[in-house]
Amino acid sequence: MFNPFKRKEPSDQDKRVPPGQYVTEKFPVLHYGTVPQYTNVEEQWDLRCWGELAEPVRFSFSEFRALPTVTIKTDIHCVTRWSKLDTVWEGVSFREFLRHIPPLKPSARFVVAHSEQGYTANLPLDVLLDDDVLLAYKYDNQELTPEHGYPLRLLVPKKYFWKSAKWLRGLEFLDHDRLGFWERYGYNNNADPWREERYADD
């Protein structure tokens, strides 16, 4: 017999969507500033690492693309309340990347991602060591489009998507936390979608 008061069990999809989010099939484009354009990416782009590591290091475009890659399938969640499920990304695992740079100092505990036009995003180092964190350059088996971060973006699926900085140019390793661009404008420093940590007073 139909019981209108029977509680509906959440579907598998419902269990994957954080509170306050809706699922979209689209991939909305949101960012600060204009979209960088590279006429010669090999000459115009590099990736630098500095701070709490044995010595600074620089990767050219071809040097970075020679690093070992992985492909992952994951859900992503934006602070503007959309979620996109089963997205496929390819790039260099952050944990793998650490094997190709000078050793970190014991004091290294935080990372600031530096992007084009002065954009920054901050994260604890231990968050970046998760298996699903990438320095990504392909989405859905295709090179990233300029609007989505070509030639390289950070991918941190467990955080709201503003932490997944597009147009990545540098990683600064720190012994202390330093607020990133949106965090300085009132966004929550932790950015956990499952806790709805959107703004600093959440």
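Predicted model: local features only at pLDDT ≥ 70, side-chain atom pairs only at ≥ 80, totals over all residues.

Q: Which residue does Glu196 meet in a salt bridge?

A: The partner is Arg81, with an N to O distance of 4.0 Å.

Q: Where do Arg81 and Glu196 lie in the chain?

A: Arg81 is in the loop between strand 4 (70-77) and strand 5 (82-93), whereas Glu196 is in the segment after helix 6 (181-184). The pair therefore ties together parts that are 115 residues apart in sequence.

Q: And is Arg81 buried, exposed or partly exposed, and what is the value?

A: Arg81 has a relative accessible area of 38%, so Arg81 is partly exposed.

Q: New topic: what does Arg65 pair with?

A: Arg65 forms a salt bridge with Glu143, and their closest N and O atoms are 2.3 Å apart. This pair links distant parts of the chain, since Arg65 belongs to helix 3 (residues 61-65) and Glu143 to strand 9 (residues 142-143), 78 residues apart.

Q: How accessible is Arg65, and how accessible is Glu143?

A: Arg65 is partly exposed at 22% relative accessibility. Glu143 is also partly exposed, at 32%.

Q: What about Asp192 and Arg195: buried or exposed?

A: Asp192 counts as buried because its relative accessibility is 17%, which is under 20%. Arg195, at 60%, counts as exposed. The two form a salt bridge, with the closest N and O atoms 3.9 Å apart.

Q: Which residues do shared partners join into one network?

A: Salt bridges that share partners join Asp46, Arg48, Arg58, Glu116 and Arg169.

Q: How many salt bridges are there by this rule?

A: The count comes to 16.

Definitions and conventions:
Residues numbered from 1 in each chain as written. Heavy atoms only, no water. Salt bridge = Lys/Arg side-chain N within 4 Å of Asp/Glu carboxyl O. Helix = DSSP H or I, 4+ residues; strand = E, 2+ residues; numbered from the N terminus. Buried < 20%, exposed > 50% of the residue type's maximum accessible area, 1.4 Å probe, protein only.
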